[in-house]
Every structure is written in structure tokens, then in C-alpha cells.
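Here are some notes to go with your first look at this structure.

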Amino acid sequence: MRRVAIVDVAQSSGVESSLNLMEFTYRTVKELLDKVGLRRVDVDTYIGASSDIFHSGMSCANAFDFDSIGAFMKPASRQEADSMWAFYYGCLRIISGHHDTAMVVGLIKGSENAENDTITSCFADPFYLRPLGIQETTAAAMQMRLYMDRYGITEEQCAQVVVKNLGNALYNPYAHIKKRVTVEDVMNSERICDPLKAMECAPKSEGVCAILLASEDRAKKLTKRPVWFLGYGSAMDTFYLGDRDLLDTKLKIAGAKAYKMAGINDPRKEIGVAELCESYAYQELLWCEELGFCAPGEGGKMIEMGITGINGDFPVNPSGGVLAMNPYVSRGLYRIAECFLQIKGRAGEHQVKKRVKRALAHSAHGFAGQCHTVVILGS
Amino acid sequence: MGRGVAVIGTGQTKHGRRDDLSYPDLVREAVKRALEDAGITPDDIDGVVFGTMPSMMEGVALNHLYFAESLRVVGKPMLRSETCGSTGQSTAHTGIYWVASGLADIVLVVGSEKQHEGDAQATMMTIPEPFMRLAIGGAPAAFSMQAREWMGYYNIDEEKAREAAAIIAVDCHEGGYINPYAHIRVKITKEDVLKARIITYPVRLWDVCPSSDGACAVILASEEKAKKICKKPAWIKGIGFRGEEYFMGDSSKAVWRSAIEAAQEAYRQAGITNPRKEIDVAEIYNPFTYQELMFLECLGFCPFGEAADYVIKGVFSPGGELSCNPSGGVLCTNPIGAAGLIRLAEAAMQVTGKAGPHQVDGAKVAFAHAMGGAQQFNGVTIVSSEL
């Protein structure tokens, strides 16, 4: 297999921007091109990631964003739903030998579209689920309740995830929500869907993230220390919640596939940093278990012992995670960008203490994590 | 570059108004037929690529989640490629890259649309941004303007353009009439087309595609797998995709650069220098007859400004030098998210001798195409009976 590397990344801030989506997107793409020293036409292929439903009342998202990601008259395509798929598609184009460089851009302007759950309720089918009021938050509340019941996870342990992640976000210049909070603050925030509290749910954010991929030969010419694409796994679950065990998700399959491809036997020992998609606080604990970072039901203990803290033994979401910054479609690419920065030692104030050789990025979408994707990067 | 990739099976639903089943079951119908055609089971599939039109079409967003079971993707990886009307070509290209990379051996590609559960033109009104939307929106308006631009640019006599468009309409409906999967299955005459009511000048009723429910599935396999499990694979010889500016006024739509360059890229890969002579069948994305005229020029099948003359001479009619849209094309069947993929399925069926009543005798090399966006995107795939 041809090796693929990340040459560099660029991110926008998650804070509401007055720029329109076209300019907002182009700025980040241009920043990356300038950083790497390439012109738009020098990049072989462009893959965008955007979603019609998150596209401010406009259909065919990439019709509008095509110019701004730099794709004019270039071999190009777009992934809907999850920008981590766009990353993979960019890798596939390089591995296939058709292209040597690929620009992958995830984009969304959360401030211009409806509330998260107005949108996620549209994922539900119109006959059975939507009339019941199922959307991502109500589905998550059921998953959290089951998690607490089965394993004795406490609400305080879940709240600690918020404290940790928002604490990390204070040091991440791109994060959207920056706030020092305590477990009490989280516990006292409004119960929006029992047992979920408002502060345990991800916000909605702006977010353009651009990543430049290159084949081994090209990467070595463009940068001294490329970060390598080592593994990928993705798996879809059944649609109806009643057909699944909500605590036995397809993340296990996605993780196992990525580990196998990257040659990882003991993820807890061999991975230095994990960036997980915790749209709801408890999910970080559950995803840690399913990825094999701890035993089933031990997620609560892991956070209590400070293992996943930025200076802990196994840092999780040093960027602040999705709880601090949630550009729905691009959040997968943000996880990858953060892993890249941590491996390069370029994360600045939120750089983890230990040297990171391998990092894991995770993305999820759908009710209670119907679809999971895992990417592993390494130095 | 990469490994050889082939189409080893295709499946289409009966297209039309499908009130008899739910949207997931419509998808299932196409997937099931493709699996049967390829003679494989869902377990053999390594990954799935899906694509359709925007969520507003049927009112379910990110509907790959809803279709997880129908797509046979539970426990497996998937990708979702979408580029509006050209989605069908973009999903196919995604599958081709996936197999060519060696990270999957067999990939299922699916496209679908159930237009009778929504309002396609209302959705298309939301593709232009809110200011442009006030002046132009919906497919007929945009494409009629394009037809006028083309006629004006080359100073094409209006009567001649109308006659050529009518010939295309008659030829396509003849193909649709015998194609068991087609939506519109009626026989029409040139007179019918010329006298039909105007939709948006110069486009008349028979110049316009229908709104269809339908799905299409295509199974792609690596060279090694294809040789092992398929007697007659359709080999992928070249792919091309290009897109241009969002704002329509920024570029010429008469000399349509994205169509020209997408086709040229595919020809380069396939080693084709004279497309009209070297290609036996072309499935051109033709939601409007006038667009097919423009495409014949931009895709390199005839000189610029001369498409009407060539069509009137019968070059692209059944039995002509290059048979265009023997399936009836998009003009007779238009489940948008599937329409571009149906072009590839039909092209593969033609070069493997599986096209049934609308088979073009001895077809060896076939061309599939789709366009989309605010008249922005063009995608092309070329298949051959030989590796």
C-alpha cells in the first residue's frame, strides 16, 4: 500500500463569525496553502465535507462551497455527514495512485442554521421515530440512563468530563466554549432531557478545518516531519434503537479494524492521545470502554482517577473535544487536526506532557452513535 | 494506476411512481437485484457507497442512517458522496477509487430518489442562494436559459434546434418504451414534441424529464475478484470529474468547461482519441433535450455548434454511428440521486450484452455521464468489455 501523510492542517475558530460561508471557508483553505507553500492549482484533488441539512436553508451544499474549498476545475468530490469520511476518501485517492496530493476540507457555519436537535430530528424516519420525538439528545438520554443502570456510572462522573474538557478548551485558541466550570455547575445546569444536563450537551459551532494529504514522496518534499495515516475503521449500526444494545455499539468493530490496520495490539499502551467525539459528556466514558482503553464499566473510574486528564497517563480530548466545539460535519476533521498537532508537538498551551507517537481520532453521528469512524495517525 | 476495477453486477428498480413500497424498500429492491446479478451475498461486500439528492427531497436527512439495513451496511464501512445531479457518477468514482486503492475488494454503490414523497422543484429552488433564488430557480428555468445561451452563442437557427431536440425526444421515448425499468413508456412522434405545450421557452413538455421514484445499485470488484466470480465484467477504463463556479454568470454554459474537461480526462485515461468512432454507446445525462445537444459537443462527439446538424443526420439515433441513450435516458427516467448511476449501470449492461430489448449489437466501449449543481459539475465514466 502507498503510504499517505498529513503535510499540515488549518482550523477556523468555533466562535460565531460575521463572514459568509464562502469567505469563511476560503480563508482557512488559503491559510493552509500559504503555510505549505503551494498554489491552489498545485494540489491534485479536493474533497469537501459538508451537509445539506446543516447548510443554512440551501440545498446541494457543495454547489455553494465548491469554489471556496479551491476545487474549481480540479478532480473533486464531496462527502456528506462526516468529514472523517472525506479524510478517508482523500487517502483512497492517493493510495490508488491517481493523485499525489489531496486537500480535504470540512465546513459548516453552525450560527446560520437551526438548533442541533431541530436538525437531528430530521434523521428520524417520518413514520415511527419522528412522532416519538426521537433526536440525538433524546436518544442519548436513553443511552446514558442505560449506562448508569448497567454499570453504576454516576452523574458526577459524567459531569467530570465536562469539567475536564472545558478546562482543556481554555488553552485551545480554536475552541468555541471557554469556561472554567465545576462539577456542581454542571450538575446544577438545566436538566434538558433527564438525565442529561444542558452543560453535558455539545454546543453548535462554526468550523472549517482543512487538511493537506500527500503521498510519501511528495510529503517528504513538502515537510520535514510528516504525520502518517496508519489505520482506519468505520462501521454502521442498525437504524432503530430498539434493534440494538445501546451499550454495545459498532465502535468496537471500527476500533478493531483500525487497530489491525495500524498493527496495534494494546491500544492503551500504544496510543498516546485520543480525540473522541463526545457530543454528550457520558459518551467519552463509554467510547473509552468500547475502544479498549479500559474495561467495560470502568469509564467512570478512569475519569475519577484523572487518567484522561491533559497531564494524565492517557490524555483524552486535550483540545476540549466536541463539548467545547461542535461544528457537526467538520468535527471529525478537527479531531484529526488535533491529533496531528499533538504528534508534531505543535499544540501549544494544550500540548500534552508526554511525547505522542501515535494518536487516535474518532467521529460519530446518528442516534446514540449509529455510525462510528476511527482514524489512527503516527509519527 | 491502481488496480483494475470492474462492474460485476447491476440492479435497478422499476422506476416510476412507487407508492407500493417505502423508501428503504425501494433501495432494497435495487440492492437485491444487483447482488443477484453479481451472484454474491451481502457478506462478500467490503464497503458501501451511497448518495442521493439533498434531504429536502424526501424530508429525511442523512438518510443513509435510515437505510442502514437496506444498504446491507450494518457492521461495515460506508462513504456518502454527493454532488447534486452528478451524485451517481461521484458515488461510482468513490467506489472505483476504493477498490483501486486495494483497501476493498468488492464495493456496493447505491443511489436512490423517491420524488413522489416530496417536491423536487421546491428543493431545487433552494440550490441558488437566497438572492439569486428570486430571479432563477428550479431546473427548467436554469436549463432553458442555458439552451438559449447555446443557440445564441453559435447562432443556431431556432427551427433547426427545435427539430433536433424533437428527434432526441422521439429517440429517447422509443428507448424508454422498450426498457422494462423506464418510467415514461409511451410512443411519441416528432409532431407531438413540436406541438407540445411550452414549459419554459424553448423547452416543451416532451423536452423535459419526469419526476421518478427509483434506485440503482452497482457492484464493483477488483481485477482479481472480478475474474474469479464474473464471466463478463465491464472494465472501468477512465473516469473524470470537474466542477466550476457557483454563480452561473461567472462562466459560459454554452461552451461548458467542466463537461469538456471531465470528458477529456476520462478519454486520456482510456486512451480514446476519437470518441465518436471509438465509443459504441453513450448514456448522456439528458434531463432536457437541448442539454443533450450541448453535451454532444462538449463531450467531444461532434464539432462545436454542429450538434443539431449531426442529430438531424441521424448520427446519434438508434442504428447511427454512436447510439445515444438507448435506455431512454434521464428524459424517460429521473430518480435524480440514482440517475447518474443508472447511466453507468446501463453502460455496463451494454458492453456485457445484458441490456435486453435495448441492447446495441456488438457494443464494446460505453460512455456514462452525469451533471449537477447550479450547472456546475460533470462526471464521466468509460467502461469496456476488455480489460
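This is a predicted model: local features need pLDDT of at least 70, side-chain atom pairs count only at pLDDT 80 or more; totals for chains, interfaces and linings use all residues.

1. A word on labels before anything else: helices are DSSP runs of H or I with at least four residues, strands are runs of E with at least two, and both are numbered from the N terminus.

2. What is the phi of A:C60? It comes to about 55°, a positive value, although A:C60 is not a glycine. The residue also counts as buried, because its relative accessible area is 2% and the cut-off for buried is under 20%.

3. A:N317 is another one to click on. Its phi is near 55°, again positive in a residue other than glycine. You'll find A:N317 in the loop of chain A that runs between α12 (299–304) and α13 (321–324). Is A:N317 buried or exposed? Buried, since its relative accessibility is 0%.

4. Now zoom out to chain A as a whole. It has 14 helices and 11 strands. For 379 residues, a compact globule would have a radius of gyration near 21 Å, and the 19 Å of chain A agrees with that. Along the principal axes, the C-alpha atoms fill a box of roughly 55 × 45 × 40 Å.

5. How much of chain A is tucked away? Of its 379 residues, 68% count as buried. The accessible surface is about 12200 Å², and carbon and sulfur atoms account for 50% of it. As for the contacts between residues at least 6 apart in sequence, 77% join residues at least 24 apart.

6. A quick note on charge in chain A: there are 43 positive and 45 negative charges, and their mean positions lie 8 Å apart.

7. Next, look at where the two chains meet. Here 59 residues of chain A are in contact with 58 residues of chain B. About 4700 Å² is buried between the chains, with 64% of that coming from carbon and sulfur atoms. Which residues of chain A lose the most area to chain B? They are A:M73, A:H98 and A:M236, together giving 15% of what that side buries.

8. In chain A, one joins A:D194 and A:P195, with omega about 5°; A:P195 sits in the loop between β5 (191–193) and β6 (196–197). In chain B, one joins B:Y201 and B:P202, with omega about 0°. B:P202 is in the loop between β5 (198–200) and β6 (203–204) of that chain.

9. Last stop: B:A226, in helix α7 (residues 223–229) of chain B. This residue is buried too, at 0% relative accessibility. How far apart are the C-alpha atoms of B:A226 and B:A6? They are separated by 6.5 Å, although the two residues are 220 apart along the chain. B:A6 is also one of the residues that B:A226 touches, along with B:I8, B:A221, B:P233 and B:W235, not counting residues up to four places away in sequence.

Terms used: Residues are numbered from 1 along each chain as its sequence is written. Chains are lettered from A and ligands numbered from 1 in the order in which they are written. Side-chain values use heavy atoms; hydrogens and water are left out. The radius of gyration is taken over C-alpha atoms; the globule rule is 2.2 Å times the number of residues to the power 0.38. Buried means under 20% relative accessible area, exposed over 50%, partly exposed in between (1.4 Å probe, protein chains only). Contact means heavy atoms within 4.5 Å. Accessible areas come from the Shrake-Rupley method with a 1.4 Å probe; for residues, only the protein chains shown count as cover. Lys and Arg count as positive and Asp and Glu as negative; His and the chain ends are not counted. The place of a charge is taken as NZ of Lys, CZ of Arg, CG of Asp or CD of Glu. Buried area is the accessible area (1.4 Å probe) that two parts lose on being put together, summed over both.
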